[in-house]
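Me: I have a two-chain model open and want to learn how to read it. Please take me through it feature by feature.

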Amino acid sequence: MRNVYLVTAFVVVLAVSILGFRGTKFTQPPMDVFPEWAFPGMKRQPKPRPQGESNFFADGRADRPLPAGVVSRNPLRNDDALYAGKAADGSWVRGFPVSVDATRMARGKERYTIYCSPCHGAVGDGNGITKQYGMGATPTYHDDRLRKMAEGEIFNTITHGSPNKNMQSYADKLFPEDRWAVILYVRALQRAQTGTTADVTTDAGKQALGLK
Amino acid sequence: MSNIFPKSANKLPLQIIVYLVVLSGILTAGATYYMTPKYTRVGYAPVQPVPYSHALHAGQLGIDCRYCHSNVETSGVANLPTAQTCMNCHNQVKKDSPLLAVVRHSFETGESVPWVKIHQTPDYVYFNHAIHVNRGVSCWECHGQINEMEVVAHDKPLSMGFCLDCHRDPAPHLRPRDQVTNLDWRPANATEARTQGDKFVHDWNIKPPQSCSGCHR
């Protein structure tokens, strides 16, 4: 009987030394407790998954591009000011075709921080973190060209990228409403750089700055 | 006729029973330890076609998760970034690096970068990213300290028990919405996590389903 226990102990040690412990890093595909061959069609069902593989289509992708001439089911985007930044006469829109309030400003700040600040920097001076890594010529917002640029043209730049394509389109990352929110925040950043003590109107603010 | 079995054979049935009990104990312990995603999946760190470092991009540079996984707040799927997303910076930064050849090829031809999927729920599980991140469940809860990973490894088991732990008692796993993608954020202490979590559960009307059809269809 002792031998049986010895053999068992040996098998246990062997199994542990082969299987190892939890949490060890490994690169091979994970083992399956209920493998696909024993339970076909359970874990991996023959259905396309987002960004998944497909054996059916020639390019191997489950996601399909839109066929030519497809019509969007979403509401018609016929508001040129809102969706293209263009006024009725074809010039760039000045001002905002959306409501301007604190909520939108907060949304703009959040979106700006995610999508713009890596290059344009937290204050819009073009000194984002990527500059240290070789991103060459991110312009500052704080010059006359960009202060005077129409909101619609900024919208167009976010949507299609800059003319020299150093900045590419962010249309896939920012909804049109979010682009306007970002522009709103950019305007706030620009305004902040030209602030003077005359802009401080509250008593508490004046005291904080030692103006009173 | 009296000596066919030695006297020691009298003990044998009992010894066999004891051994079987010990053996079933070992097998149970082994199955509990090994036949779970805590062993089979945690630690999975496949070699990717591009040696992309989350520790550099999300950690050192501080780029928000949503810069690349941009649909996570509006879609059930936290999408992989398009090649153009990479090229937003890498059209200027390290633009001739041989390590990025796969990305450049994808950008020019429109072919996919053959990323290897790490976190993969079974097809009968319908997990929705948007509903979780919009209700204060951080990326960190399921994916771990991604911003410190040179190579992304499967960090949490993502088993059904793992999901249910949170669905039964979500409060300690919730955080302010603006900290969802801040993987270094922690509640000050367990008591505060509980009180503010309870507030979030109430304010955001969080009622995670525990019925089968909540996640399985």
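Reply: Start with the element names. Helices are DSSP runs of H or I with at least four residues, numbered from the N terminus. With that naming, B:Lys94 sits in the loop between α5 (83-90) and α6 (101-109) of chain B. Keep in mind that this is a predicted model.

Me: How many helices and strands does chain B have?

Reply: Chain B has 11 helices and zero strands. Read from the N terminus, its elements run α-α-α-α-α-α-α-α-α-α-α.

Me: What pLDDT does chain B average?

Reply: Where pLDDT is low, predicted coordinates should not be read in detail. Chain B averages 94, and 99% of its residues score at least 70. The model as a whole has ipTM 0.89 and pTM 0.90.

Me: What is the radius of gyration of chain B, and what would a compact globule have?

Reply: A compact globule of 217 residues would come out near 17 Å, but chain B has 25 Å. Along the principal axes, the C-alpha atoms of chain B fill a box of roughly 95 × 50 × 35 Å. Of its 217 residues, 23% count as buried. Take the contacts in chain B between residues at least 6 apart: 72% of them join residues at least 24 apart.

Me: Which domains does the assignment give for chain B?

Reply: There are domain 1 (13-39) and domain 2 (43-80 + 115-215). The centres of these two domains of chain B, over C-alpha atoms, are separated by 35 Å.

Me: Which residues of the largest nonpolar core touch the most other members?

Reply: The general idea: in soluble globular proteins, nonpolar side chains tend to be buried together. In this model the largest core has 35 residues, and A:Ile158, A:Val182, A:Ile183, A:Tyr185 and A:Val186 touch the most other members. Elements from both chains supply at least two residues each: α3, α5 and α6 of chain A, with α4 (65-68) and α8 (139-143) of chain B. α6(A) has the largest share of this core, eight residues. A second, separate core has six residues, including B:Cys86, B:Met87, B:Leu100 and B:Phe107.

Me: Which residues does A:Ile183 contact, leaving aside neighbours within four places in sequence?

Reply: A:Ile183 contacts A:Glu151, A:Ile154 and A:Phe155. These three are among the buried residues of α5(A), along with A:Gly152, A:Asn156 and A:Ile158. The cover over the buried residues of α5(A) includes α6 of chain A. After α5(A) comes A:Gly161, with a positive phi near 90°.

Me: Is B:Cys65 buried or exposed?

Reply: B:Cys65 has 24 other C-beta atoms within 10 Å, so this residue is buried. The cut-off for buried is 20 or more. B:Cys65 lies in helix α4 of chain B. Beyond its neighbours within four places in sequence, B:Cys65 contacts B:Ala58, B:Cys139 and B:Thr181. B:Arg194 is 129 residues along the chain from B:Cys65, and their C-alpha atoms are separated by 26 Å.

Me: Where does A:Lys165 lie?

Reply: A:Lys165 is in the loop between α5 (151-160) and α6 (176-193) of chain A. Its phi is near 65°, a positive value in a residue other than glycine.

Me: Why does A:Lys165 count as exposed?

Reply: A:Lys165 counts as exposed because it has 11 C-beta neighbours inside 10 Å. The cut-off for exposed is 12 or fewer.

How values were computed:
Residues numbered from 1 in each chain as written. Chains lettered and ligands numbered in written order. Predicted model: local features only at pLDDT ≥ 70, side-chain atom pairs only at ≥ 80, totals over all residues. Domains from an automatic or database assignment. Rg over C-alpha atoms; globule rule 2.2 N^0.38 Å. Contact = placed C-beta atoms within 7 Å. pLDDT = per-residue confidence, 0-100. Core = buried A, V, L, I, M, F, W, Y, C linked by C-beta atoms within 7 Å.
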